[in-house]
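This report walks through one protein model for a reader who has not seen it before. Please look over the sequence and the structure first.

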Amino acid sequence: MLVSKLCWTFFLLSCAFGTHRRLRASEAFLLGTPSSSLRRRRLPELSRSQTRLLAVTPKGSGTDQIAIMTQPIGDETAESAGSSEEETSSLYDVLKPPSGADPFDMVKGQLSVLGDDIRELVDTDHPVLKLAASHFFSLKSGKKFRPTIVLHMAKICAAAFETAGAGDEAGAGGKTEEEQAAIFERQRKLGQITEMIHTASLIHDDVLDEAETRRGFDAVHKVYSNKVAVLAGDFLLARASVLLARLGNVVVVEEMAKALDALVTGEVMQARARPEDLSTFDWYIRKSYYKTASLIAQSCKSAALLQGFLPGSEQVVAAEKFGYHLGLSFQIVDDLLDFTASADLLGKPALSDVRNGHATAPVLFAMDEHPALKPLIHRKFKNDGDVDLTFKLLKQSKGLQRTKELAEWHAQEAARWLSVFPETESSQALVRVLNRVVTRQK
């Protein structure tokens, strides 16, 4: 009942944002490189013999389809990564990022009032609802990851727009200082909207997962109640929709609606998964896209649209692809840390995903070497000893190593799409963000 209510709420709000479109699976699709007019470096095609089913990606530009994508894994990954000078000649290397200022400090001043702005937006006559909705924004925690990404992408797009020719397919032209300042303010508000949607999804997720804490503090539903938490999440989404409408860009409204649609799809997938779904990489990556990467991808794409680039332009496509790969890399590292960080910090694995019945990349990779894991995954590790056996077999496999390689591959793909844009301080900053994503320990 609670799952149905939350999903129905998400659906209604996503319809209010714009035209509701169902995300559909399509035929196998290998992500292309940026076209020759803007490409900085040629990247190699992957041979069929080197590939395994691993990831999904938005197919083309301006569509809401999700398509299968292939990528080398395991031992082949390291070999293909360094097999020729041409293959490693991309503009950026996420493992060796350009030096520079802290990416979060670079936009700290522009985001310093974000919490205050959001608390003002969620002001209501109901004191409990107001406190619950502003709960996380009142805490001095988190680096405001998503708004930081949006602001850096905004600055990158501004530089690209300025350098694009008048006849460019993007439809670019010069902007006055006042016009550009107004655009950046709308992009800053987009960052607020993204953070509000993300926080609302966390509040709802914590109710569904019966989580005790979030970001080191009590979850909203533990401080108040399930009912108040659900209403607080709904309220944040409603306020975000109002702020989004005020941006005055119908295309951006529709794109952000797709992100909400994806959040609903992810929750429905998780709630209605069949046992056989849980042991497939296709299902795992799709869910990761819907629940995590979609919001980052659509936010980056919307930043480019607000700058004035036309839908379908290479800059808009590149912004979306960057966000897509960054989002997947972020989620895959999160799943990796559920095993490695807990073991380092606690002396034994917390394995919260496994204990909650979720098979993530490390376990799925381990299953390739230890098929005995499949029935455990199908029954969501519910039998006595399932969790301990899963961790034992994982340690005897290359699951953690292959998960790390997959996260790094997605991060490098994000950097590859970033190279479509002119090199700026913000583009270098995002490469450093990618490095932090794949090297973080918590």
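Ser294 is buried, with a relative accessible area of 1%. The model is a predicted one, and the values given here are computed from it. Ser294 belongs to helix H12, which covers residues 281–307. Apart from neighbours within four places in sequence, Ser294 is in contact with Ala259, Ala262 and Tyr289.

## Helix H12

Helix H12 is made of 27 residues. From its first C-alpha to its last, H12 reaches 36 Å, which is close to the 39 Å expected at 1.5 Å a residue. The helix also has a kink of about 55°, and this kink is centred on Ala293.

H12 is mostly covered, with 25 of its 27 residues buried. Just after the helix comes Gly308, whose phi is positive, at about 120°.

## The chain as a whole

The chain has 442 residues, of which 55% count as buried. Its secondary structure comes to 19 helices and 4 strands.

Among the contacts in the chain with a separation of 6 or more, 78% are between residues 24 or more positions apart. The chain exposes about 18,900 Å², and carbon and sulfur atoms supply 51% of that area.

## Cysteines

How many disulfides does a search of the whole structure find? The search finds 0. Cys157 is in no disulfide, and the nearest cysteine sulfur to its own is that of Cys300, 8.4 Å away.

Cys157 is buried, with a relative accessible area of 0%. Cys300 is also buried, and its relative accessible area is 0%.

## Thr148 in helix H7

Thr148 is part of helix H7, which spans residues 145–163. Is Thr148 buried or exposed? With a relative accessible area of 1%, Thr148 is buried.

A polar atom of the Thr148 side chain lies 2.9 Å from the backbone oxygen of Lys144. Not counting residues up to four places away in sequence, Thr148 touches Pro103, Phe104, Val107, Leu111 and Lys143.

## Lys380 in a loop

Where in the chain does Lys380 lie? Lys380 is in the loop between helix H16 (373–378) and helix H17 (386–395). Its relative accessible area is 30%, so Lys380 counts as partly exposed.

Lys380 and Asn356 are 24 residues apart in sequence, while in space they are 7.6 Å apart, C-alpha to C-alpha. When residues up to four places away in sequence are not counted, Lys380 touches Leu278, Val354 and Gly357.

How values were computed:
Residues numbered from 1 in each chain as written. Predicted model: local features only at pLDDT ≥ 70, side-chain atom pairs only at ≥ 80, totals over all residues. Heavy atoms only, no water. Disulfide = S-S within 2.5 Å. Buried < 20%, exposed > 50% of the residue type's maximum accessible area, 1.4 Å probe, protein only. Helix = DSSP H or I, 4+ residues; strand = E, 2+ residues; numbered from the N terminus. Contact = heavy atoms within 4.5 Å. Expected span 1.5 Å × (residues − 1). Bend = angle between axes of the 7 residues up to and from the residue. Areas by Shrake-Rupley, 256 points an atom, 1.4 Å probe, with all protein chains shown as cover. Polar contact = N/O pair within 3.5 Å; in protein donor to acceptor, adjacent residues only side chain to side chain.
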